[in-house]
Amino acid sequence: MSSLKARTVNAMKWSYFSMFAGLAMQLFFAAILSRLLTKQQFGVWAIAALLQRFGQFITDLGVGQAIVQKAKLTEDDIRAGFTSSLGLGIFTTALAWLLAPAISTFFPTIPDLVPVVRGYALVYILSSGIIISGSLLRRALNFRPQVIAELTSYAIGHGIIGLGAAYLGYGAMSLVISAIAQAVIQLVLLYSATRHTLKPIFRWDAYRGLFRFGVKATAVNFLEFLSANLDTFIIGKFYSSAQLGAYSRTFSTLAMPATNFATSLSRVMAPSFSAVQDDTDRLRRSYLTGLRAMSILIFTATGCILIDAPEIVKVLLGPKFVESIPLMQIFALYIPFAVLTNLSAVLAEATARLNVKIVIQSVYMVGLGAALWITYRLGGHVEHLAMVLVAASVCRSAAFAVVARGIIGGSGRQIAQSYGVGALYFMGGALVTAAAVFPLRAMAVPLPVLFILELLLGAAVLAGVVLLGPPSELKDMAYASLRQLRRRAAQPSS
């Protein structure tokens, strides 16, 4: 196994360990949090979190991605990255504090928005250190410190401090407290793992190389941010805070695991794609192998989620969100296209095809915005807005697949086959789940028992797909792990 492949596989192991461990905590914490906060409070959080993510784009300005992508990295690059991130973090924090009252006025249906926006703004300064340390670790495909930092910060910052604040009655501010605590913990742990220079630099030539790539990357990310949050923006402006809370909480229950999955994939594949960007054959094999494996896995999971949606809502969101079951099922259809689009977008980014990403995201944003606005003007409910989001995501995924074909060459048949195979596995996952779950519902199996059985069934279906499905890196990793476990079990205990 080549050095790059070995480091990539090891990075994938740590990245997906982080994803699955984080998912388990997210499911547990989400079930608790949904019972401690109201829909209205989740509506406040949705707008504040949207603005906080917007500020982080300004803080980063693409520097983190540039550090990962740059062929040769110098100490001046690191100094320039840290200096710019810190300066932009301070600027963005001050800007958010000044604009908070105007933001609150723009969203008249969202109460108590000012203190929450200002609280989230404190994360910008903390992010300046996280960006550089995390990017250096990603570049080196050293994910162990990142996994430790992420899981530790989430378990302590959110699971203990954030949920504790919610239990004590801090409402939407408890999520602010959680975000700040997580950022502090990540900052300390990630910097301890890199110990990069903190010395500032003020020569423009030190910044030129980073910003040449970083500004374009930021433009792409900003367009992605706008298009990803148009629905939240429109619902926050024209619908009630309770409707926004139900919509955002239902979406995040699925989107958080899916986003983590896509992030785990992209932060490993981006440096790997960048390393072989000049070797078309290796790049093609790497992309197609990843696409086929991800398509099978994510479409199968979507089929299971579609059937299990009633229990997912009742257990993870509680009785207050029962009306969100149709929303959960609609959002399930969004997930596979979002994840697979992410892989093709990472390929374009790693090979510096940023202009085409900007074009696609611009068209997607305008088209989605127009469709959402028309749906609202026609009297559409939030479920109809969710359907528009799914349809737009399918179109965007197809556009990025065309871009990927242009990068790796060939007819595009293998890319289309990967999506087609995924669709078949989606139907298979849904049918297997329905065959087991529908009779259990008819037997009135208690909700907690039924939910546990669905989790076990879903895990078994996904394990079967990986172990018995077509060849892939995931299959190789799974069998290698099983062989290692058998060898350890066969060793006599001392």
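In this predicted model, Arg-441 is partly exposed, with a relative accessible area of 29%, where partly exposed covers the range between buried, under 20% relative accessible area, and exposed, over 50%, as found with a 1.4 Å probe on protein chains only. Because the model is predicted, local features need pLDDT of at least 70 and side-chain atom pairs count only at pLDDT 80 or more, whereas totals for chains, interfaces and linings use all residues. Residues are numbered from 1 along each chain as its sequence is written, and side-chain values use heavy atoms, with hydrogens and water left out.

The side chain of Arg-441 meets that of Glu-311 in a salt bridge, at 2.7 Å from N to O, a salt bridge being a side-chain nitrogen of Lys or Arg within 4 Å of a carboxyl oxygen of Asp or Glu. Since Arg-441 lies in helix H14 (residues 413-442) and Glu-311 in helix H10 (residues 280-317), the pair ties together parts that are 130 residues apart in sequence; helices here are DSSP runs of H or I with at least four residues, numbered from the N terminus. Glu-311 is buried, with a relative accessible area of 4%, and the structure holds one salt bridge.

Helix H14 also contains Gly-420, which counts as partly exposed at 33% relative accessibility. The C-alpha atoms of Gly-420 and Ile-296 are separated by 9.4 Å, although the two residues are 124 apart along the chain.

The axes of H14 and helix H15 (residues 447-468) come within 11 Å and cross at roughly 155 degrees, the axes being lines fitted to C-alpha atoms over the stretch in contact and the angles running from 0 to 180 degrees between N-to-C directions. That angle makes H14 roughly antiparallel to H15, a description applied to angles over 145 degrees. In the loop between H14 and H15 lies Ala-444, which has a positive phi of about 55 degrees although it is not a glycine. Ala-444 is exposed, with a relative accessible area of 61%.

The largest nonpolar core has 102 residues, and those with the most contacts inside it are Leu-113, Tyr-287 and Ile-415; such a core is a set of buried Ala, Val, Leu, Ile, Met, Phe, Trp, Tyr and Cys residues joined through side-chain atoms within 4.5 Å. Helix H11 (residues 325-350) gives the most to this core, with 15 residues. Another core, of seven residues, lies apart from it and includes Val-63, Ile-78, Phe-82 and Ile-131.

How values were computed. Helices (H or I, at least four residues) and strands (E, at least two) are DSSP runs, numbered from the N terminus. Angles under 35 degrees count as roughly parallel, over 145 as roughly antiparallel, 65 to 115 as roughly perpendicular and the rest as oblique.
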